Amino acid sequence: MSHVLDREAAEALQAEVERRRAELAELEARLSGWTAAYEATSKRDDTDFTTVSGRVIAPLYTPADTREDEYLRDIGLPGEYPFTRGPYQTMYRTRLWTMRLFSGFATAEETNERYKFLLERGQTGLSVAFDFPTLMGYDSDDPMSEGEVGKCGVAISSLADMETLFDGIPLDRVSVSMTINGPAIMLYCFLLATAEKQGVPFERVRGTIQNDILKEYMAQHAWIYPPEPALKIITDIFEWSAEHAPRFNTISISGYHIREAGATAGQELAYTLKNGFTYVERGIARGLDVDEFAPRLSFFWDVHNDFFEEIAKFRAGRRIWARHMREVYGAQKPESWRLRTHAQTAGVTLTAQQPYNNVARVAYQGLAAVLGGTQSLHTNALDETLALPTEHAVRIALRTQQILAYETGVANTIDPLAGSYFVESLTDQLEDEAEAIFAEIDELGGVVPGIETGYFQGRIARSARRFQDELEAGSRVVVGVNAFEEADEDHGVEILRIDESAGETQRRRLAELRSRRNAEEVTRALADLADAARNDQNLLPPMLDAVRAYATLGEIRVALEDVYGRFKEPISF
Amino acid sequence: MSERKIRVLVAKPGLDGHDRGAKVIAAALRDAGMEVIYTGLHQTPEKIAATALQEDVDVVALSILSGAHMTLFPRVLRLMTENGMDDVLLTGGGIIPSEDIEALQEQGVGQLFGPGTTTGEAVAYISRWFEESGRGVEA
């Protein structure tokens with residue numbers, strides 16, 4: 001390189017800098033004129049121009065609102081740090097998002113039939129919805145379970161039920177996602193033992209357990225034990241699975257329930273990521289190599305009504321996760337930095353009034369998830385605010401995704417909204433908001449003290465109340481609810497009804513199981529499990545033994561409750 | 001007319017963890033001047049009836065989003081009757097189909113509120129019931 005060329009290059013660069021500076025100065029001058037004109041003009045009075053989370057939105061965004069000169073640092077390329085544009089290099093050009101609708105109802109037999117039906121029609125993964133007793137670790141014949149068996153999902157009380165659920169479904173070929181948290185380790189062991197019976201080795205079992213207990217304390221409330229033992233169990237799962245079931249996603253860190261309970265977009269983002277960091281810290285404290293378990297962590301976002309704020313949330317989430325994983329936790333592998341996510345449209349936005357309008361809501365929300373770069377998507381059915389969905393309603397929800405994927409063209413290019421002054425500015429704002437909330441949580445001493453003192457629960461309830469007040473004051477319009485109502489409404493939507501027979505069948509089946517199995521073996525296995533808990537050993541091996549002996553879900557829960565106690569919620573409203 | 005505050009027990013029976021509605025309603029009833037006790041989650045019908053008796057409430061409001069309303073409402077109602085609380089209002093809300101609402105009302109449950117109800121409607125209903133019951137005057 002000659003000096004002449006260097007000097008020419010330097011001069012050209014200098015000229016370019018000056019041109020940009022002059023352009024920005026002119027933009028600012030013209031913007032102040034534009035703003036004066038805007039201020040002088042009348043505005044609509046049916047909105048205050050805030051997002052559903054209360055974020056104030058400016059009338060116009062320009063290069064003055066973005067950190068444009070930091071493109072490579074903040075935005076970059078898809079599949080590259082900091083992953084703002086997507087976790088994978090080629091995104092939907094290589095593979096569309098997974099259209100994963102979760103289902104489950106009544107008994108294992110009935111759900112098994114539904115799964116086989118879905119698999120025959122080309123679905124490649126299953127997503128299991130459990131009933132409330134299962135979600136809380138109760139057997140179907142427990143008095144607490146009465147009236148709830150098989151109502152909101154399938155009832156699974158032992159390995160025998162799990163064997164029936166996956167009868168004829170090879171667990172090395174079908175990936176199974178299980179929405180289970182408090183008793184995640186029990187259901188995971190039921191699944192592993194079922195695979196074993198099918199002759200499928202653990203290292204070939206694919207799937208996901210939600211297993212995110214922290215958000216249960218914050219929002220969904222399907223907890224069993226207090227936070228410390230619950231976190232110990234989750235770390236046991238990370239540790240054991242890294243060695244024995246490396247293809248299994250051991251956690252799906254979920255913002256969904258936090259948002260549905262009332263949180264804002266910023267709270268959902270910050271609380272969820274902070275929960276993720278907490279799990280990472282526990283793994284590291286156990287002595288695990290962060291790059292051994294971090295690639296198996298996955299996320300689950302809600303996708304709500306405010307279109308651009310939601311897209312920005314997905315993008316900001318990837319960037320924050322990448323930065324913290326690399327810079328704070330010292331992860332070396334790109335797989336540890338990249339945030340992969342599932343998304344579900346916001347159930348809480350569905351209205352019982354004029355329910356067919358929900359199809360439009362779900363479509364817009366689904367579009368936001370795709371523009372945000374989700375890896376899989378559950379679209380809600382239009383009738384889910386009335387009851388569990390009918391097959392007809394579920395089919396419309398699935399077709400909505402197919403229309404998005406194949407007709408709208410939005411999946412043709414990667415992260416199409418990158419570079420939008422508005423979307424980039426929102427992405428930056430959400431990142432800043434999340435960092436501020438992280439600092440607030442750190443002040444409390446972390447996530448666990450925040451849960452124990454009711455900090456998160458109080459914040460979420462307050463946000464829920466704010467939304468309800470805005471709705472009732474009419475400052476937040478919900479079509480069909482506080483505006484554009486139909487007098488004399490008969491929605492005409494068919495309702496799915498689940499009868500009480502699942503409860504009876506399950507009670508009978510559990511009685512048979514209890515008389516058939518080797519009672520001594522069960523007692524011994526449960527005692528061994530409790531001993532392992534007392535001695536702070538990894539619970540997976542003794543749990544698997546108890547499950548193989550057909551100890552029930554409720555028996556295992558109680559055995560550990562005797563050691564760990566139960567979580568007591570701080571009550572506030 | 002009524003001098004004293006209306007006492008309301010807001011309760012979450014069964015295993016259902018959805019408490020957004022229960023908490024919003026509890027806060028709204030409190031802000032409307034009522035005395036509100038919230039049970040927290042995962043309560044048995046027996047526990048709810050016992051709390052209602054002990055707290056001497058005027059109204060029991062159940063929030064059920066799990067589909068178990070046809071089991072839980074009648075059970076709480078029966079336990080209330082057995083404990084001499086015939087004159088206490090049992091009301092509530094959740095995901096409850098309209099045929100079920102009618103069936104429960106025939107059994108003696110009060111008005112039940114579905115999605116999209118304003119907190120104002122619930123406050124007005126409870127206040128009106130209280131006026132008409134004459135409970136405020138006795139005490």
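Q: What pLDDT does chain B average?
A: This is a predicted model, and chain B averages a pLDDT of 93. In that chain, 97% of the residues score at least 70.

Q: And what ipTM and pTM does the complex get?
A: The predictor gives an ipTM of 0.82 and a pTM of 0.92 for the complex.

Q: OK, on to the contact. How many residues does it take from chain A and chain B?
A: There are 32 residues from chain A and 27 residues from chain B in the contact.

Q: Which helices of chain B each supply at least two residues of the side that touches chain A?
A: Those are helix 1 (20–31), helix 3 (69–82) and helix 5 (119–133) of chain B. The largest share, five residues, comes from helix 1 of chain B.

Q: How do the residues on that side of chain B divide into nonpolar, polar and charged?
A: On the side of chain B that touches chain A, twelve are polar, eleven are nonpolar and four are charged.

Q: Switching topic: what order do the strands of the open sheet in chain A have?
A: The order is 2-3-4-5, four strands with parallel pairing. Strand 2 (125–128) and strand 5 (248–249) of chain A are the edge strands, so to speak the ones that each pair on one side only.

Q: How many bridges join strand 4 to strand 5 of chain A?
A: Two bridges join strand 4 (residues 207–209) to strand 5 of chain A, and these strands run parallel. Gly207(A) stands opposite Phe248(A), which is in strand 5 of chain A.

Q: Now helix 20 of chain A. How many residues has it, and how far does it reach?
A: Helix 20 of chain A covers residues 519–534, so 16 residues. From first C-alpha to last, the helix reaches 23 Å, close to the 22 Å expected at 1.5 Å a residue.

Q: Which residues of helix 20 of chain A are buried?
A: Ala525(A), Leu526(A), Leu529(A), Ala530(A), Ala532(A) and Ala533(A) are buried.

Q: Why do the buried residues line one face of the helix?
A: Looking down the axis of helix 20 of chain A, its buried residues fall within an arc of 155°, so they line one face.

Q: What do they pack against?
A: The buried residues of helix 20 of chain A pack against helix 21 (540–548) and helix 22 (553–564) of chain A.

Q: And which residues are exposed on the other side of helix 20 of chain A?
A: Glu520(A) and Arg534(A) are exposed there.

Q: Last one: what is the phi of Asp536(A) like, positive or negative?
A: Asp536(A), which follows helix 20 of chain A, has a positive phi, near 60°.

Notes:
Residues are numbered from 1 along each chain as its sequence is written. Chains are lettered from A and ligands numbered from 1 in the order in which they are written. This is a predicted model: local features need pLDDT of at least 70, side-chain atom pairs count only at pLDDT 80 or more; totals for chains, interfaces and linings use all residues. Two residues are in contact if their C-beta atoms, placed from the backbone, lie within 7 Å. Ala, Val, Leu, Ile, Met, Phe, Trp, Tyr, Cys and Pro count as nonpolar, Asp, Glu, Lys and Arg as charged, and the others, Gly among them, as polar. pLDDT is the predictor's confidence in each residue, from 0 to 100. The expected span of a helix is 1.5 Å times one less than its number of residues. A residue is buried if 20 or more other C-beta atoms lie within 10 Å of its own, exposed if 12 or fewer, and partly exposed in between; C-beta atoms are placed from the backbone. The arc is that of the directions from the helix axis to the C-beta atoms.
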